[in-house]
Amino acid sequence: MLIKLWNERYSFELIKILTETINLGLIIVHIITPLIIVYLLYDFIDHNVLILWLSVHIIFFTLRLFINTQLVKLVKKRSEKVYSYLKVMYLLSFFSALLHGYIVWISVLYNVSDTIIFLIGALILGLSAGSLSTVGSVFSVYLIYMVSSFSVLISALIYHGGDIFHLYALAMFTMMGVLSVSGYRHYIAMRNTVSLDSTFKTIYENSSDGVVVFKKNKFVSSNRAMQKLFKYAHQDTFLNTSLRALSPRYQPDGVSSVKKMFEMVNITLDEGFKSFEWVHKDQNGKEFWCEIVLTKINLNGVDLIHGVWRDISNRKALEFIALQDKAKIESLNSNLEERVQEELKLNREKDKQMFHQSRLAQMGEMINMIAHQWRQPLSAIASAGALINLKAQLSKLDKETAMEVSQNIANYTQHLSATIDDFRDFFKEDKEKEITSFTYLVNSVLKIIRTTLESNNIEVILELKCKDIFMIYSNELKQVIINLVKNAQDVLVEKNIKNPYIKLKSYVNDGNYILEVSDNGGGIPQDVMDDIFNPYFSTKLKKEGTGLGLYMSKTIVEEHCEGNLSCYNTQDGACFRIELPNAQ
């Protein structure tokens, strides 16, 4: 604790407050109070002792005054040496306290009357309490002086003995604790105030906008930006300039600047705030536009106006150019609707072409899936045919075997037929919206793509909690779902993910129907996240991706289904979110 107090680096502002208030305290501590004590003890203690004690006080007064003078100079220079002189001040405060304790001990040893000792103790108590107002900004000086004074005084009272003096010592000890706590709180409050004041001054001085405080038409203070705005080299010159001299005779609306200025000031004083635009002129007579914000403030019971000036000349120049171009814009707008319709028509044709390209790409993928799903039943049919042929050649084809094998062939044929129906339904063009649900759509898609997923050892996780039905273009939404699942499969296979999975999760949120397709493929790089829905953008190799799948998926969901398709990364990978409004 003592080391911390000794090495505490107080701000220059707090030390400055100390230097400004301590001189009066030094006079009271080292001149006035010692003279009173000498007067009280004059008839009880040897005069030589009193004179010596008073002389030491005068020496300490001189030393502390000198140190304070040095502190004043060092604070102005903001020199680090100030902390060395501050430590000297600590020592002088400590020995000053011992001087007061010394006279109490002398009084006790000389058997001075109890009344006089009580009075001297009261004086020392008053000095310690009063030191808060003179040295409280530097807590170390205050605490060292106060605790040292009380400690020596308490020890002398205990040595004197007697119930009254013991009670007096206890009261002094309690008071020392109270003053320590209150002194620290006073220091914290002062430190916070100084810090806040310093922060405000920094903001005030370093603001890029001009800031002033004025009363009526007379400036009280201003920052550097204000002087720069009006091209004044010195602050004093600017502050001595009247507000009237900084404006042309008339404002652009033809109203006298003086009359309008008084109007703005009066509105600010009445309503507390006013914002407006104003034409000024700088010291060279050049006019420029400013945006001004006036705020009424009260300082020491006096109403002042705080103003912020911002140069908006560039903005005004742009507004003027905009007005000049307005006629051209109106001329262009006259045939804009026709041009917009033409562009929309072209965009629709482009979308149709892109949609067709996307369908062709999906058809290629579907053919691969058909081939994959047909491979096993075709192989089984071939095996059954080979078995019948072999048994017939060996004359061992019995009725039961023929019927069993023919039934298996029929089952495989029905499976192939069902597969063809699933794929045909998938590519059937939607003419009208139909009632469906996420559960039906997901199961329909999985009939087509599950075999491909299983062949790549990809686990399909279903969390289909949304059981609601809605009206939608069913096949178009199937295309979106299969595209999202297929993209997730490609990522998992390409990155050779261990224990890969694709999760399809549906639920209701705020009345809207949500379907999320997520995977554990590591996610989409943030630098391309904003581009994934752009046409012809693909993270796949050119031979593998057209860059149309996600673009067309977003078009289907947002334009055809009036929903929203978005994407974000989870901890494991990417998640695509289809949101359909309840209105559908």
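**Helices and sheets of the predicted model**

At the start of helix α3, a side-chain oxygen of Asp 46 comes to within 2.8 Å of the backbone nitrogen of Asn 48, a polar contact in the sense of a pair of N or O atoms within 3.5 Å, where within protein one must be able to donate a hydrogen and the other to accept it, and residues adjacent in sequence count only if both atoms are side-chain atoms. The model is predicted, with local features requiring pLDDT of at least 70 and side-chain atom pairs counted only at pLDDT 80 or more, whereas totals for chains, interfaces and linings use all residues. Residues are numbered from 1 along each chain as its sequence is written, and side-chain values use heavy atoms, with hydrogens and water left out.

Helices (H or I, at least four residues) and strands (E, at least two) are DSSP runs, numbered from the N terminus. Helix α3 comprises 31 residues (47-77) and reaches 45 Å from its first C-alpha to its last, close to the 45 Å expected at 1.5 Å a residue; the expected span is 1.5 Å times one less than the number of residues. Arg 78, which follows α3, has a positive phi near 55°. For helix α4 (residues 82-109), the end C-alpha atoms are 41 Å apart, which agrees with the 40 Å that its 28 residues should span at 1.5 Å a residue. Asn 111, with a positive phi near 60°, follows α4.

Helix α2 (residues 12-41) packs against helix α5 (residues 114-135) at an angle of about 175°, their axes 9 Å apart; axes are lines fitted to C-alpha atoms, for helices over the stretch in contact, and angles run from 0 to 180 degrees between N-to-C directions. The two helices α2 and α5 are therefore roughly antiparallel, the term for angles over 145 degrees. Contact (heavy atoms within 4.5 Å) involves, among others, Leu 18, Ile 22, Gly 25 and Val 29 of α2 and Leu 119, Leu 123 and Leu 127 of α5. By class, the contact of α2 with α5 has 14 nonpolar, five polar and no charged residues, where Ala, Val, Leu, Ile, Met, Phe, Trp, Tyr, Cys and Pro count as nonpolar, Asp, Glu, Lys and Arg as charged, and the others, Gly among them, as polar.

An open sheet of five strands is ordered β2-β1-β5-β4-β3 with antiparallel pairing, two strands being paired if DSSP finds at least two bridges between them. Its edge strands, β2 (218-222) and β3 (273-281), each pair on one side only. Neighbouring strands of this sheet are turned by 35° against each other on average, direction ignored. Within it, β4 (residues 287-299) and β5 (residues 302-311) pair in the antiparallel sense over 10 bridges, and Ile 297 stands opposite Leu 304 in β5. Helix α10 (residues 257-271) lies across β1 (210-215), β3, β4 and β5, at about 160° to β3.

Another open sheet of five strands has mixed pairing and the order β7-β9-β10-β12-β11. Its edges are β7 (459-464) and β11, each with a single partner strand, so one side of each is left without a neighbour in the sheet. On average, neighbouring strands here are turned by 15° against each other, direction ignored. Strands β9 (residues 501-509) and β10 (residues 512-519) run antiparallel and are joined by eight bridges; Ser 506 has Leu 515 in β10 as its bridge partner. Helix α14 (residues 438-455) packs on the sheet, touching β7, β9, β10 and β12, and its direction makes about 175° with that of β7. Helix α15 (residues 474-494) also packs on the sheet, touching β9, β10, β11 and β12, with its direction at about 140° to that of β9. Strands β11 and β12 form a hairpin with four residues between them.

How values were computed. Angles under 35 degrees count as roughly parallel, over 145 as roughly antiparallel, 65 to 115 as roughly perpendicular and the rest as oblique.
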